[in-house]
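This report goes through a single chain model by secondary structure and by selected side chains. Please read it alongside the sequence and coordinates.

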Amino acid sequence: MDYLEYKGYKGSVEYGAEDDCFFGKVQGLSKECILYEGETLAELRADFEAGVDSYLEYLSIENKSSYDLSMDDLQAGHINTYQSTDDMLSKLGIKN
C-alpha cells in the first residue's frame with residue numbers, strides 16, 4: 001500500500017519498526033497538518049478517515065475552505081498540529 005485515499009484526500013503510510021505501529025500525514029495541505037496512526041492497517045485507515053471527516057466537518061461549521069484557514073484557527077486548537085514527526089509521536093505517546 002503506497003498511500004491511503006478518502007474523499008479526495010491522499011495520506012502517506014509509514015511504519016515505525018521500533019514502536020511497531022503505522023503512522024501518516026494527509027498530503028497536499030499547505031496550512032494544516034492532519035496526522036493519524038494505528039497499530040494495524042485497519043486502525044491506520046480508520047484514523048485517517050476520521051481525521052479527514054473531522055477536518056471537513058470543521059471547514060463546514062466554520063464555512064471555510066482549506067485555503068481560508070489561518071494560524072489563529074490552528075492555534076485555537078481546531079486542528080491538531082505538530083512541529084515535526086518526533087513531536088507527533090511524542091504527543092501520541094509513541095516512543096521514538
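The sections below cover the basis of the model, its strands and helix, and then individual residues.

## Basis

This is a predicted model, in which local features need pLDDT of at least 70 and side-chain atom pairs count only at pLDDT 80 or more, while totals for chains, interfaces and linings use all residues. Residues are numbered from 1 along each chain as its sequence is written, and side-chain values use heavy atoms, with hydrogens and water left out.

## Sheet and helix

Three strands form an open sheet in the order E3-E4-E5, with antiparallel pairing. Strand E3 (14-16) and strand E5 (35-38) are the edge strands, each pairing on one side only. From one strand to the next, the twist averages 25 degrees. Strands here are DSSP runs of E with at least two residues, helices are runs of H or I with at least four residues, and both are numbered from the N terminus. Two strands count as paired if DSSP finds at least two bridges between them.

Strand E4 (residues 21-25) and E5 run antiparallel and are joined by four bridges. Lysine 25 has leucine 35 in E5 as its bridge partner. Helix H1 (residues 41-61) packs on the sheet and touches E4 and E5, and its direction makes about 155 degrees with that of E5. Axes are lines fitted to C-alpha atoms, for helices over the stretch in contact, and angles run from 0 to 180 degrees between N-to-C directions. Contact means heavy atoms within 4.5 Å.

## The E1-E2 hairpin

E1 and E2 run antiparallel and are joined by four bridges. Their hairpin has two residues between the strands, and lysine 7 takes a positive phi near 50 degrees there.

Glutamate 5 is found in strand E1 (residues 3-6), and its bridge partner in E2 is lysine 10. Leaving aside neighbours within four places in sequence, glutamate 5 is in contact with Lys10, Arg45 and Phe48. Glutamate 5 is partly exposed, at a relative accessible area of 44%; the classes are buried under 20%, exposed over 50% and partly exposed in between (1.4 Å probe, protein chains only). The C-alpha atoms of glutamate 5 and glutamine 27 lie 10.0 Å apart, with a sequence separation of 22 residues.

## Salt bridge

How many salt bridges does a search of the whole structure find? The search finds one, where the term requires a side-chain nitrogen of Lys or Arg within 4 Å of a carboxyl oxygen of Asp or Glu. The side chains of aspartate 53 and lysine 7 form a salt bridge, with an N to O distance of 2.8 Å. This pair links distant parts of the chain, 46 residues apart: aspartate 53 is in helix H1, and lysine 7 is in the loop between E1 and strand E2 (9-12). Side chains of opposite charge can pair when their charged atoms come close. Aspartate 53 is partly exposed at 29% relative accessibility, whereas lysine 7 is exposed at 52%.

## Buried polar residues

Serine 12, in strand E2, is buried with a relative accessible area of 15%. A polar atom of the serine 12 side chain lies 3.0 Å from the backbone nitrogen of lysine 25. Not counting residues up to four places away in sequence, serine 12 touches Phe23, Gly24, Lys25, Gln27 and Tyr36.

Glutamate 32 sits in the loop between E4 and E5 and is buried, with a relative accessible area of 5%. The side chains of glutamate 32 and tyrosine 55 are joined by a polar contact of 3.2 Å. A polar contact is a pair of N or O atoms within 3.5 Å; within protein, one must be able to donate a hydrogen and the other to accept it, and residues adjacent in sequence count only if both atoms are side-chain atoms.
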